[in-house]
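Please look over the model shown here.

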Amino acid sequence: MVNGSIDKLPDGIREQVDSLIADSTNTYDEIIVWLRNEGYTISKSALSRYVRRTSKIASRVADTLQRTQAIAKAVEEHPDLYKSVLARALNFKRGAY
């Protein structure tokens, strides 16, 4: 678990920060001012680190989703091939090879 200052915010506030970040019309300074108005002091560097980290995570999730969709499409288009590969994988795992 990451313990950055934004990660320590209450869930509702952090969700609002995520929404503000997602709206590209908001600047870091505007988000920091909003947080200050809500009673939280967060530095610009902390916000920047949080955005970088969550962007990397989102990118990995999107990549995984894309790969999963490609596999699902391949299985749908070639069900017999999938069954053959799955059977070989299960046999390999059991030590049949």
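This is a predicted model: local features need pLDDT of at least 70, side-chain atom pairs count only at pLDDT 80 or more; totals for chains, interfaces and linings use all residues.

**Helix H1**

Helix H1 covers residues 11–22. Four residues of H1 are named as buried: Ile13, Arg14, Val17 and Leu20. Viewed along the helix axis, these buried residues fall within an arc of 115°, so they line one face of H1. They pack against helix H2 (28–37) and helix H3 (44–77). On the face turned away from the buried side, H1 carries the exposed residues Glu15 and Ala22.

**Nonpolar core**

The largest nonpolar core has 13 residues. Those touching the most other members are Ile6, Leu9, Val17, Ile31, Leu35, Ile42 and Leu47. H1, H2 and H3 each supply at least two residues of this core, and H3 gives the most, with four residues. Val17, on the buried face of H1, is in contact with Ile6, Leu9, Ile31, Trp34, Leu35 and Leu47, leaving aside neighbours within four places in sequence.

**Salt bridges**

The whole structure holds four salt bridges.

| Pair | Distance, N to O |
|---|---|
| Asp7 and Arg53 | 2.5 Å |
| Asp11 and Arg14 | 2.8 Å |
| Arg67 and Asp63 | 3.1 Å |

What does the bridge between Asp7 and Arg53 tie together? Asp7 lies in the segment before H1 and Arg53 in helix H3, so the pair ties together parts that are 46 residues apart in sequence. Asp7 has a relative accessible area of 18% and is therefore buried, the limit for buried being under 20%. Arg53, at 24%, is partly exposed. The side chains of Asp7 and Arg53 are also joined by a polar contact of 2.5 Å.

Asp11 and Arg14 both lie in H1, three residues apart, about one turn of the helix. Arg14 belongs to the buried residues of H1, whereas Asp11 is partly exposed, with a relative accessible area of 48%.

Arg67 and Asp63 are four residues apart in helix H3, and so about one helical turn separates them. Arg67 is exposed, with a relative accessible area of 55%, while Asp63 is partly exposed at 32%.

Methods: Residues are numbered from 1 along each chain as its sequence is written. Side-chain values use heavy atoms; hydrogens and water are left out. The expected span of a helix is 1.5 Å times one less than its number of residues. Buried means under 20% relative accessible area, exposed over 50%, partly exposed in between (1.4 Å probe, protein chains only). The arc is that of the directions from the helix axis to the C-beta atoms. Contact means heavy atoms within 4.5 Å. A nonpolar core is a set of buried Ala, Val, Leu, Ile, Met, Phe, Trp, Tyr and Cys residues joined through side-chain atoms within 4.5 Å. A polar contact is a pair of N or O atoms within 3.5 Å; within protein, one must be able to donate a hydrogen and the other to accept it, and residues adjacent in sequence count only if both atoms are side-chain atoms. A salt bridge is a side-chain nitrogen of Lys or Arg within 4 Å of a carboxyl oxygen of Asp or Glu.
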